[in-house]
Amino acid sequence: MASLKDIQRKIKSVKNTQKTTRAMKLVSSAKLRRTEELAKKSKVYANKLNELINEIAQKMCESESNLSDTPYFNTTEAPKVVDIVFITADKGLCGGFNSQTIKRVNKLMAKYKEEGIEVRLRAIGRKGIDYFRFNSISMLNQIAGLSSSPDFEKSSEFIQEVASDFIEGRTNRVVVVNNGYVNMITQAIRENQLLPIDPIKFGVTETCSSSDLELEPDDNDALLEVLIKRYIEFSIYYALIDSLAAEHSARMQAMDSATNNAKDMVHQLSISYNKARQEAITTELIEIISGMESMK
Amino acid sequence: MEFFKLEIVTPEGVIFDNNVKQVTLPGSEGEFGVLPGHATLVSLLDTGVIVIDNAEGKEIAVAINSGYVKVDEEKTLCIVEGAVAISGDDNEIAAAIEAAKKLLKSAETTNATIATAVSKIEKIKG
């Protein structure tokens, strides 16, 4: 039996941990609300941008140019090199959030390797970087500090490099893997093919309706290229926000259960503390009584 | 008086969404105005100022860095990367102008573009 003092010390330490986890939960829930708001706002932008791309792509397929001629839309060729961009958190203590993403990345890598496709990794977020570095799997590039505070400029800088690799043929496909926010208690792994873009995703149909849309500058390709670039930049930015929201909700849950566990533990410990105390009293009493008995 | 709907959307949210009489946009091929019933058009936007003639006949300036506009007969949609609307009372306007200047400078354009934009903003404010 542990001594009274030991148990007391233990209770105190567990209570301290509980305080920390509770505070972390509160922080996460406040941050989650802010991120959620951000996600909602950028969703509007994303929708409008998609609409616009759709219309221009539609317009292009009316004209003589074939969509799959543009590199961005060429989905027909089998890829030789695939880039996996994955987003993890910079910090831990959020349950299975990071490991789920990493697991999915590993699975994808195995799948592509089986098909004889070369895989290159691009990591965002310290936890993912640490994992792959520890397992000595090389990464093409890595950014830490971006996933905890998504920044449009930094993320577009990052993705522009990926896009130029794609255009110059160093990679044939870009896949983004991140853990996304569904609601307060659920996160889901998202796996998006960023490049080449599937025209079907934008609702481009083979039979095009004719519209008298005028373009300025009067160069479909140039306009579409700028739009696609913006689309890619925005997609990765959105993935970052989505991942951040998911991270906060995951951490909130993890910290909530940690607080509850600490509570249970304090309860258990106080029971054993009380038992130990009672025992000590009983022993003392027995000593006194037996002492008195022997004096008679 | 005829109106049409104007929406200005940025990654940070919707800046403007209302009925307007007329809007002047800094297109990449030159500035152009849009009135109700304009032909369908998609254009790139350069750094500059969007001047809105709103339903009450007031002028509103919105500084932008870059983006696109899609015009059709009853609706105009601007998708821009960054935008600052100059509106509100005097204090707010002063702050907004500062923010707008910063935004324009960050767009890495020529000083002439910035100067034109700023003078436009100041004209409208006054």
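This report describes a predicted model with chains A and B.

## Basis of the model

Because the model is predicted, local features need pLDDT of at least 70 and side-chain atom pairs count only at pLDDT 80 or more, while totals for chains, interfaces and linings use all residues. Residues are numbered from 1 along each chain as its sequence is written, and chains are lettered from A, with ligands numbered from 1, in the order in which they are written.

## Sheet of chain A

Chain A holds an open sheet of five strands in the order β3-β2-β1-β4-β5, with mixed pairing. Strands are DSSP E runs of at least two residues and helices are H or I runs of at least four, numbered from the N terminus; two strands pair if DSSP finds at least two bridges between them. The edges are β3 (141-143) and β5 (186-195) of chain A, each with a single partner strand, so one side of each has no neighbour in the sheet. Neighbouring strands are turned by 20° against each other on average, direction ignored.

Strands β1 (residues 81-87) and β4 (residues 173-183) of chain A pair in the parallel sense over six bridges. A:Val82 has A:Arg173 in β4(A) as its bridge partner. Helix α2 (residues 97-114) of chain A lies across β1, β2 (118-124), β4 and β5 of chain A and runs at about 150° to β4(A). Axes here are lines fitted to C-alpha atoms, for helices over the stretch in contact, and angles run from 0 to 180 degrees between N-to-C directions.

A:Leu223 belongs to helix α5 of chain A. The C-alpha atoms of A:Leu223 and A:Ile53 are separated by 9.6 Å, although the two residues are 170 residues apart along the chain.

## Contact between the chains

In chain A, 21 residues are in contact with 19 residues of chain B; contact requires C-beta atoms, placed from the backbone, within 7 Å. On the side of chain A that touches chain B, α1 (4-62), β6 (214-216) and α5 (220-295) of chain A each supply at least two residues. The largest share, eight residues, comes from α1(A).

## Chain B

Chain B has two helices and nine strands, in the pattern β-β-β-β-β-β-β-β-β-α-α along the sequence. The C-alpha atoms of chain B fill a box of roughly 35 × 30 × 25 Å along the principal axes. Buried residues make up 35% of the 126 residues in chain B.

Terms used: Contact = placed C-beta atoms within 7 Å. Buried ≥ 20, exposed ≤ 12 C-beta atoms within 10 Å, placed from the backbone.
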